[in-house]
Structures are given as structure tokens and as C-alpha cells.
Amino acid sequence: MPEGRRPAIWFYLAAAAFLLLLLLRSPCFQSLWLDETITYWVIKDGFGDLWTRTLGYQGQSPYYFVIAWAVAKLAGSQEWVLRLPSLLFGLVSLYLTFLIGRRRLPFEGACLAALLLAGINEIQGAFFSARPYSLALMSALLSIYALLRWLDGAPGR
């Protein structure tokens, strides 16, 4: 995209409409699923029990559960609060996808890459689930972005 050229307003409106539809069809307004209830069980009795339950019963890293515990401590343990960290990690994942795309694509192409990621049903499930999947996706995308930045700055390129 040439310097000074701004993307058309229709592109921003389409992206906003897509994200609004995505949010409206989300399970954030439904009760917890069984595996999300396990997240609540892991964090409900405090930090010490969190470590024991995560390491003893969960096959995932305790980092997500520490974050979920902290958010629940601050804002309560309603369903939407338990899902909030995954949604935030998901939004960061979309932004990272855009940044990765911007390294090689025009603005519109990078936006399209992020919107395509958001349109994948399994990704949507991760973004709106009280489970560590969107944290894992965000971590992978952050690794890719850091690698691309490092490669772009490496001598001989």
C-alpha cells in the first residue's frame, strides 16, 4: 500500500460487522461446558490447590490456570469472566496474525488473514472457551512474529 493511502471505510465496516457477528454467535452467553467446568474446579479453591490440580489432573501448563485464577479473583467466577482471558488471548492472536501478514502482504491482505483466522470454527471455539487453547495459539503466533522480526534484522538479509 503506498504511503499516505488509507484503506476504504468499507473494509473497516466489513471487519467490524464480521467481528460483531462472531461475538453474537459466541457461547459466551451459554453455560459452561464440561471441560470449562474443570477449569473452574482447578481454580476455585485458591492458588495452592490450583498447582496441585493442574499438575495432577490437567495435561496443560499451569500458566493459563494462574491467569484464570487471577481474573476470577479480580472479577468473580461467572461464566463470561472465566472465558474472558481466552477472548483477550484470541484478540491478541488476531492482531498478531495481522502483524505477521503485514510483513509480507498489503494492509487489506493482512486484515483478510486475520478475518479468515477468526472465521475458523475451531478457532472461534478456542476464543470463547474457558480453556488454554487460545493462549497456546497466541504463544505460537508470538513466536512466529518474533522469528520473522529476527530474520528481517539478521545480517546478510
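Helices here are DSSP runs of H or I of at least four residues, strands are E runs of at least two, and both are numbered from the N terminus. With that settled, I note that phenylalanine 47 is found in helix α3.

**Ground rules.** I am working from a predicted model, where local features need pLDDT of at least 70, side-chain atom pairs count only at pLDDT 80 or more, and totals for chains, interfaces and linings use all residues. Residues are numbered from 1 along each chain as its sequence is written, and side-chain values use heavy atoms, with hydrogens and water left out.

**Overview.** I went for the fold first. The protein has eight helices and zero strands, so the pattern along the sequence reads α-α-α-α-α-α-α-α. I then looked up burial, where buried means under 20% relative accessible area, exposed over 50%, and partly exposed in between (1.4 Å probe, protein chains only). Buried residues make up 38% of the 157 residues. For contacts I use heavy atoms within 4.5 Å. Of the contacts between residues at least 6 apart in sequence, 65% join residues at least 24 apart.

Is phenylalanine 47 buried, exposed or partly exposed? Phenylalanine 47 is partly exposed, with a relative accessible area of 36%. Not counting residues up to four places away in sequence, phenylalanine 47 touches Val66 and Trp69.

Which residues of α3 (residues 47-57) are buried? I found Leu50, Arg53 and Thr54. They cover an arc of only 100° around the axis, which puts them on the same side of α3; the arc is taken from the directions from the helix axis to the C-beta atoms. Thr52, Leu55 and Gly56 are exposed on the other side of α3.

An arginine on the buried list made me look again. Arginine 53 lies in α3 and is buried, with a relative accessible area of 14%. Leaving aside neighbours within four places in sequence, arginine 53 is in contact with Trp41, Val42, Lys44, Asp45 and Gln58.

**Helix α4 against α5.** Two packed helices are described by the angle between their axes and the distance between the axes. My axes are lines fitted to C-alpha atoms, for helices over the stretch in contact, with angles from 0 to 180 degrees between N-to-C directions. Helix α4 (residues 62-75) and α5 pack at about 125°, with axes 8 Å apart. That makes α4 oblique to α5; under 35 degrees counts as roughly parallel, over 145 as roughly antiparallel, 65 to 115 as roughly perpendicular, and the rest as oblique. The contact is made by Tyr64, Ile67, Ala68, Val71, Ala72 and Ala75 of α4 and Val81, Leu82, Pro85, Ser86 and Phe89 of α5. I count Ala, Val, Leu, Ile, Met, Phe, Trp, Tyr, Cys and Pro as nonpolar, Asp, Glu, Lys and Arg as charged, and the others, Gly among them, as polar.

**Helix α5 against α8.** The axes of α5 (residues 79-102) and α8 (residues 133-153) come within 8 Å and cross at roughly 25°. The two helices are therefore roughly parallel to each other. Among the contact residues are Phe89, Leu96 and Ile100 of α5 and Leu135, Leu141 and Tyr145 of α8. The residues of this contact divide into 13 nonpolar, five polar and no charged.
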